[in-house]
Structures are given as C-alpha cells and as structure tokens.
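Here is a short briefing on one structure. Keep the sequence and the coordinates open while reading.

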Amino acid sequence: MALAKLDAVVLDCPDPRALAGFYAAVLGGTVEGDDEWGDEWVNLRVPGGPTLAFQRAPGFVPPRWPAADHSQQFHLDLTVPDLDAAEKEALELGARPLDTADRSRTFRVYADPAGHPFCLCAG
C-alpha cells in the first residue's frame, strides 16, 4: 500500500503565471490562481495527469544543461506524436533548444521560458 499519492509537481520560477501559460499551451489544461497565495503560486490542471504548480522564487537561477556544477534537479518528459511539429510549436511558445542536433534520436531537449529543461519525446 502506498504511503502517499502524487498531487503536484512544483517548479520554482520568476513568474508563475507566465510559466503556467507556457505549459498550458504545450499540454492543455486550465491555469488556476490561488486566492491565498496570489501571484506567488499558480496551478495548471492537466487533463489525465498530475497538477503542475508554479511557485515564485525570488533570485531564481535556472539550471544549466548539461552541467554537473549546476544540476538540473529534474526535467519533464513530454510525449508527442510528431517531434518536428511539436518542436516548431514549442519554439514559437518561447522554448529554447538545448540538445536538439541529433535528429535520429527519439527525444530532443529544450528549456522552458524560465530555463527548466524538458524533453519532447516521440510517442
């Protein structure tokens, strides 16, 4: 029997609403503010998945890819039906390529607008 159930994955960032909007455009879902926390915390309710939450972090320093001295801490793997089409849309939304040169691989690595790494994976 599990001790707990995953409720949310939380990403620190400088602008929670903006980053939630980026991921809403990528994943779908509904961006919801929290009256108690104002602009310090925003949730993205993703259909069929856990909540992504975004927390304001003063002095936020984005991770680097790849860099052992600035660990990425975590990254998101996002499955897509067409890597080329998904890449085009992600870049238009503000993603930055980090490791995309090898087009024979089944994944490509990007940074979201706040600098968190994520992968688009062929599915």
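Glu40 touches Pro16, Phe54, Gln55 and Arg56, leaving out residues up to four places away in sequence. This comes from a predicted model.

**Glu40**
- Glu40 sits in strand S3, which covers residues 38–45.
- Its relative accessible area is 37%, so Glu40 is partly exposed. The cut-offs behind that label are under 20% for buried and over 50% for exposed.
- Phe54, one of the contacts of Glu40, is 14 residues from Glu40 along the chain. The C-alpha atoms of Glu40 and Phe54 are 8.1 Å apart.

**The four-stranded sheet**
- Four strands make up an open sheet, ordered S5-S8-S7-S6, with mixed pairing.
- Strand S5 (76–80) and strand S6 (96–99) are the edges, and each pairs on one side only.
- On average, neighbouring strands of this sheet are turned by 35° against each other, direction ignored.
- Strands of a sheet pair through backbone hydrogen bonds, in a parallel or an antiparallel sense.
- S6 and strand S7 (residues 107–111) run antiparallel and are joined by three bridges. Asp99 has Val109 in S7 as its bridge partner.
- S7 also pairs with S8 in the antiparallel sense, over five bridges. Here Ala111 stands opposite Pro117 of S8.
- The hairpin of S7 and S8 has five residues between its strands. In this hairpin, Gly115 has a positive phi near 105°.
- Helix H1 (residues 16–27) lies across S5 and strand S8 (117–122). H1 runs at about 30° to S5.

**The largest pocket**
- The largest pocket holds about 200 Å³ of space.
- Its lining counts 14 residues. Val26, Leu27, Val80, Ala86 and Leu120 lie nearest the centre of the pocket.
- H1, S5 and helix H2 (83–92) are the elements that give two or more residues to this lining. H2 gives the most, with four residues.
- By class, the lining has eleven nonpolar residues, one polar residue and two charged residues.

**Glu87**
- Glu87 is in helix H2, the element that gives the most to the lining of the largest pocket.
- Is Glu87 buried or exposed? Its relative accessibility is 10%, so Glu87 counts as buried, the cut-off being under 20%.
- Beyond four places in sequence, Glu87 is in contact with Thr100, Arg103, Arg108, Tyr110 and Leu120. Leu120 is also among the residues nearest the centre of the largest pocket.

**Leu93**
- Leu93 lies in the loop between H2 and S6.
- Leu93 counts as partly exposed because its relative accessibility is 37%.
- Which residues does Leu93 contact, leaving aside its neighbours within four places in sequence? The contacts are Phe22, Ala25, Val26 and Pro113. Val26 is also among the residues nearest the centre of the largest pocket.
- Leu93 and Gln55 are 38 residues apart in sequence. Their C-alpha atoms are 20 Å apart in space. Gln55 is one of the residues that Glu40 touches.

Terms used: Residues numbered from 1 in each chain as written. Predicted model: local features only at pLDDT ≥ 70, side-chain atom pairs only at ≥ 80, totals over all residues. Heavy atoms only, no water. Pairing = 2+ DSSP bridges. Axes fitted to C-alpha atoms, helices over the stretch in contact; angles between N-to-C directions. Contact = heavy atoms within 4.5 Å. 1 Å grid on protein atoms, 1.4 Å probe; cavity = no way out; pocket = protein on both sides within 12 Å on 5 of 7 lines; lining within 4 Å. Points joined across faces, edges and corners; volume = space filled by probe spheres on them. Nonpolar A, V, L, I, M, F, W, Y, C, P; charged D, E, K, R; others polar. Buried < 20%, exposed > 50% of the residue type's maximum accessible area, 1.4 Å probe, protein only.
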